[in-house]
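Please open the model in a viewer and keep the selection tool at hand.

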Amino acid sequence: MKTAVITFPASNCNRDAAVALEKVTGVKPEMVWHRESELPSGIKFVVLPGGFSYGDYLRCGAMASRSPIVKDLVEKANKGLAIAGFCNGFQVLTEAGLLPGALMRNRGLKFVCRPEKLNITNSNSRYTSKYGDVTEVTYPVAHHDGNYYADDDTLNKLEKQGQVIFRYANNPNGSARDIAGICNEAGNVFGMMPHPERAIDPLHGGTDGLGLFKSIIESI
Amino acid sequence: MKAIIHVGLKPGVLDPQGRAISRSLNDLGFEEVAAARQGKVIELDLTGDDSTAAKARVTEMCEKLLANTVIESYRVEIED
């Protein structure tokens, strides 16, 4: 299956994402530069990687979300293309309007970098279906602006519609209602601050992240 | 012309940086500081001389890029 990783100036998890995708699909993903105006044909799943795109200028993810390739992604996402954003990629997805809410400065004001326990709150989603009976996973987090915010109406709607996919067991950043990962209404676009792509090899300290990639790839 | 844009967090949105600033001012003896909100100011140099049109254009810039209206509000001033 053909997949792609978008690379922005100062992305730094693009290679981790590529390794994860190759491990699960057996095929090297296309690495797509942010200035491209269109995805290569036949791409079924796209990852927006972590990092500090455009130096986090203005707001995290703000500049990247206005880049030519993201315009194309917005169109294709609305037609059902599967897209996941991790860390900075999640910030890009909210800035692009593909996911509701915004990521703000961590409540404790500190950069948080450690393994974090997460509860799977919707095990039927396209991003978690392969976890089976597993309800708790550990992924690393590494961010300064991961404090998820949305107004109460939006949060209620997310919860009611099963769009909250992961919650923090021990909220590291002040995120509303301990939310760690959400999807859009259609379920094809997903974003989270933690890094599943950094938990795919025993040398990472764990392989809990593999299930997420297997889930979405199998759903396509 | 110049456009001065003030961008800040909406009322009700928690501002952890503002909270740290007010605490720090309290520690320095400025006990009268009850709260602080931190925002940013963006200045644009603009060509043209129609300030009404400029204000409309800058408002569009705020909506499209300069502010994230999920969490931020903005105020535009045009100076000749």
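Helices (H or I, at least four residues) and strands (E, at least two) are DSSP runs, numbered from the N terminus. The model is predicted, so local features need pLDDT of at least 70 and side-chain atom pairs count only at pLDDT 80 or more, while totals for chains, interfaces and linings use all residues. Residues are numbered from 1 along each chain as its sequence is written, and chains are lettered from A and ligands numbered from 1 in the order in which they are written.

Select helix α2 of chain A, residues 68-78. Its buried residues (20 or more other C-beta atoms, placed from the backbone, within 10 Å of their own) are A:I69, A:V70, A:L73 and A:A77. Viewed down the axis of α2(A), these fall within an arc of 90°, taken from the directions from the axis to the C-beta atoms, so they line one face of the helix. Next, display the elements against which the buried residues of α2(A) pack: β1 (3-7), β2 (30-33), β3 (45-48), β4 (82-86), α3 (88-95) and β11 (189-192) of chain A. Then move to A:G80, which follows α2(A) and has a positive phi, near 110°.

Now select chain B. Its 2 helices and 3 strands run in the order β-α-β-α-β along the sequence. The radius of gyration of chain B, taken over C-alpha atoms, is 16 Å, well over the 12 Å from the globule rule (2.2 Å times the number of residues to the power 0.38) for 80 residues, so chain B is more spread out than a compact globule. The C-alpha trace of chain B spans about 50 × 25 × 15 Å along its principal axes. Of the 80 residues in chain B, 14% count as buried.

Terms used: A residue is buried if 20 or more other C-beta atoms lie within 10 Å of its own, exposed if 12 or fewer, and partly exposed in between; C-beta atoms are placed from the backbone. Two residues are in contact if their C-beta atoms, placed from the backbone, lie within 7 Å.
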